[in-house]
Amino acid sequence: MSGTTDDEMLLDVQALAKTYRLPRERLLQPPPRVEALRGVGFAMRSGASLGVVGESGSGKSTLARLVMALETPTAGSVRLLGRDLHTLPADELRTARRDFQMVFQDPYGSLDPRLRIARIVAEPLQGLGAADAHARVAGALDAVGLRAADAAKYPHEFSGGQRQRIAIARALITRPKLIVADEPVSALDVSVQAQVLNLLADLQETHGVTYLFISHDLAVVDHVCEAVVVMYAGRIVEQGPTARVLRAAAHPYTRALLAAMPEWDDAGAAPPPAAPSVRVADGTTGGCPYAARCPQAQARCVAEAPELRPLEPGHLAACHYA
Ligand code: ADP
Ligand code: MG
């Protein structure tokens, strides 16, 4: 691959879709399917930070797994530095993995309790032939505010917030171009959340880390991300600069999310709707996925799915009446 220009996107996601088949409920009937993701596209430059928000079940983790090439999409593409991750030969994908790392939500389940921190943090270096693994572990621990001596300890010796720092150190160890963080502070106490968010923001400044930052909490995204994508039922319903989306939310769903934030006392906004638990991809629902819950829904919303369209440069919404 030739060198990249400044204009080239670090991450370019196009028309990404993922449909899961569920176990067959009745003999002789086709197994039900869940459309976890549909038509999702966005692009990120190096050094950017993009938040992905939406309530539980909106497809955020599915998006993360597809971007990380942990699962294969039903349709669409994920390009990192111009390479389509889902069509790369296995050996090239293995090498490419150094460029993108993930931080998971659960700081307890994501660290192997039998391994010392040194092994855990160095794990992504395996097969990359890094001769200086020892020094890099010490450097990564330092970057996240831990001590080099912590490398000899085991996960149980650390608190939840410290474990998440260890997970971040592991993600940093290959000096990745992109870090995908899926709800990285959701499992932490509120007092610890701010510390870890500050660390992530600091790392962006000092190490130029690019984040795809997933959260169900708009306030958290506001802390770390300059731009945000709002997802509902597997689709992007709004995207734009975070400040813009928070101040001038265009989609009724985004406004409902804002209304649910205690610090966003927006009088008169509708209460947040419940997310649909299961979406069956039977092709019969042609309208807006949000129509059934939308306080502003009109006949057109049930008949015709709105396209994501620009309201002003960089700010888009998928609503007929935005
Ligand atoms: P989020 O992270 O926003 O909570 P997910 O991406 O986990 O959302 O899930 C989106 C939808 O896809 C949900 O309806 C979920 O039940 C479904 N789903 C996710 N993973 C699978 C899977 N492996 N098999 C079947 N359905 C799945
Ligand atoms: Mg999730």
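Ligand 1 is surrounded by 15 residues, of which the closest are Gly 57, Gly 59, Lys 60, Ser 61 and Thr 62, a residue being near a molecule or strand if one of its heavy atoms lies within 4 Å of it. The structure is a predicted model, in which local features need pLDDT of at least 70 and side-chain atom pairs count only at pLDDT 80 or more, whereas totals for chains, interfaces and linings use all residues. Residues are numbered from 1 along each chain as its sequence is written, chains are lettered from A and ligands numbered from 1 in the order in which they are written, and side-chain values use heavy atoms, with hydrogens and water left out.

By class, the shell around ligand 1 comprises four nonpolar, seven polar and four charged residues; here Ala, Val, Leu, Ile, Met, Phe, Trp, Tyr, Cys and Pro count as nonpolar, Asp, Glu, Lys and Arg as charged, and the others, Gly among them, as polar. Strand 2 (33-44) and helix 1 (60-67) each contribute at least two residues to this shell, and helix 1 provides its largest share, four residues. Helices (H or I, at least four residues) and strands (E, at least two) are DSSP runs numbered from the N terminus.

A polar backbone atom of Ser 61 is 2.9 Å from an oxygen atom of ligand 1, a polar side-chain atom of Thr 62 is 2.6 Å from an oxygen atom of the ligand, and a polar side-chain atom of Arg 65 is 3.3 Å from a nitrogen atom of ligand 1. Ligand 1 taken alone exposes 560 Å², and the protein buries 70% of that, with accessible areas from the Shrake-Rupley method with a 1.4 Å probe, where for residues only the protein chains shown count as cover.

Four strands form an open sheet in the order 2-1-4-5 with antiparallel pairing, two strands being paired if DSSP finds at least two bridges between them. Its edge strands, strand 2 and strand 5 (83-84), each pair on one side only. Within this sheet, strand 1 (residues 11-21) and strand 4 (residues 75-80) are joined in the antiparallel sense by five bridges, and Leu 11 has Leu 80 of strand 4 as its bridge partner. Helix 1 lies across strand 1, strand 2 and strand 4 and runs at about 120 degrees to strand 1; contact means heavy atoms within 4.5 Å, and axes are lines fitted to C-alpha atoms, for helices over the stretch in contact, with angles from 0 to 180 degrees between N-to-C directions.

A further open sheet, of eight strands, has the order 6-7-8-3-9-10-12-11 and mixed pairing. Strand 6 (100-103) and strand 11 are its edge strands, each pairing on one side only, and the twist averages 20 degrees from one strand to the next. Strand 7 (residues 178-182) and strand 8 (residues 210-215) run parallel and are joined by five bridges, with Asp 182 partnered by Ile 214 in strand 8. Helix 1 also packs on this sheet, touching strand 3 (49-53), strand 6, strand 7, strand 8 and strand 9 (227-232), and its direction makes about 155 degrees with that of strand 7.

Note on methods. Polar contact = N/O pair within 3.5 Å; in protein donor to acceptor, adjacent residues only side chain to side chain.
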